[in-house]
Amino acid sequence: MPPRSEPSHPFLAGGLAGVLEICLTYPLEFVKNSLQLQPGRYTGPVDAARVLTARHGASVVYRGLPSWLLFAFPRSSIRYTSFGFFSGALEHGGAFAGVKEDTIRQLARDGVAGILAGAIEAVTCLAPCQNLSIKITHDANLPVGERSFSPRFFPAAGQIFMRNGVRGMLAGVGPTLFKNCLNQSIRFPGFFFFSRAYCENEGVAREHIGMLPLLACGSLAGAASAIVSHPVDVVKAQMMGLHAGRYRNSVHCARSVFRESGPFAFFVGLGPRLTRVCMEVGLLFSLFEYINRFLDHNV
């Protein structure tokens, strides 16, 4: 099996892919967070979107988007650059150096590199980004008279930071770290496994795979990661919400969710998240590949 060629522009291509992707998929993230933060209030994602847009206008589903845009470029840049670095280090100088490539070893190497890249991304970008987004989303779901923050992003971000401080902006970093490491340990090896299988089945070179097959490979990897990690996502949302003070830690939060709402509460919001993650991961990997190809011919 030939070695996988590494992208030439992981930082720039990753950042641009991240910005484009989040602009397309953020409304699904908003609906998912709304379902998780107020379980039982809505009958489902369609009902949540209908009620929220009727009450607050169509633009409400983009509340909190600036926090994601603020971190979208560095987040994806760090993810893809870190993955490339760790994957190369493991292949040439680590536990996998000199080992003949086969499917199991490739999956293991990509999984380990995904875990390490996911850890760096989670601490530097994902935790502060999601704290802003979730707190703004939670506030937007409250009646107008009970809201604490400005409807404008930057004033609201300042108010949230002043109230919570640096430590508060890292609230829920434990489940965020665990979830992102889990996600990336599935998404990277999953995408490369499906894309290799497609190449072998269709007899095409990696650089000639079309946009739709790349999108499908990324979506399959994203779906697997979303289903596995969703219970952690539910705990993370509660730990980052405006009522996070109720919980001593992530374990106490998980126990409280189970005691108050039962086991199915850990899969609240899975529908919109599954839809969004399939779109997110499919778009990220396919855009990343195509932007790299473009840059290779124009830089």
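This is a predicted model: local features need pLDDT of at least 70, side-chain atom pairs count only at pLDDT 80 or more; totals for chains, interfaces and linings use all residues.
Okay, let's start inside. The largest nonpolar core has 26 residues, and the ones touching the most other members are Ile 22, Tyr 26, Phe 30, Tyr 42, Trp 68, Leu 132 and Ile 160. Helices α1, α2, α3, α4 and α5 each put in at least two residues. Then there's another core, apart from that one, with 25 residues, including Phe 191 and Leu 287.

If you zoom in on Phe 30, leaving out residues up to four places away in sequence, you'll find it touching Leu 52, Val 60, Val 61, Arg 63, Thr 137, Ala 140 and Asn 141.

Now, charges. The whole structure has 15 salt bridges. Take Lys 32 and Asp 233: their closest N and O atoms are 2.9 Å apart. Lys 32 sits in α1 and Asp 233 in α7, so this pair ties together parts 201 residues apart in sequence. And both of them are buried.

Next up, Arg 79 pairs with Glu 121, at 2.8 Å between the closest N and O atoms. That's α3 to α4, so here the parts tied together are 42 residues apart in sequence. How buried are these two? Arg 79 has a relative accessible area of 3%, and Glu 121 has 0%.

Both pairs belong to a network of salt bridges, which also takes in Glu 29, Arg 75, Lys 179 and Arg 187, among others.

Last stop, the outside. Phe 161, Met 162, Val 166 and Leu 170 make a nonpolar surface patch of about 420 Å². Val 166, in helix α5, is exposed at 58% relative accessible area.

Methods. Residues are numbered from 1 along each chain as its sequence is written. Side-chain values use heavy atoms; hydrogens and water are left out. Patches are made of residues with over 30% relative accessible area and no salt bridge: like charges are joined within 9 Å, nonpolar side chains (Val, Leu, Ile, Met, Phe, Trp, Tyr) within 5 Å. Accessible areas come from the Shrake-Rupley method with a 1.4 Å probe; for residues, only the protein chains shown count as cover. A salt bridge is a side-chain nitrogen of Lys or Arg within 4 Å of a carboxyl oxygen of Asp or Glu. Helices (H or I, at least four residues) and strands (E, at least two) are DSSP runs, numbered from the N terminus. Buried means under 20% relative accessible area, exposed over 50%, partly exposed in between (1.4 Å probe, protein chains only). A nonpolar core is a set of buried Ala, Val, Leu, Ile, Met, Phe, Trp, Tyr and Cys residues joined through side-chain atoms within 4.5 Å. Contact means heavy atoms within 4.5 Å.
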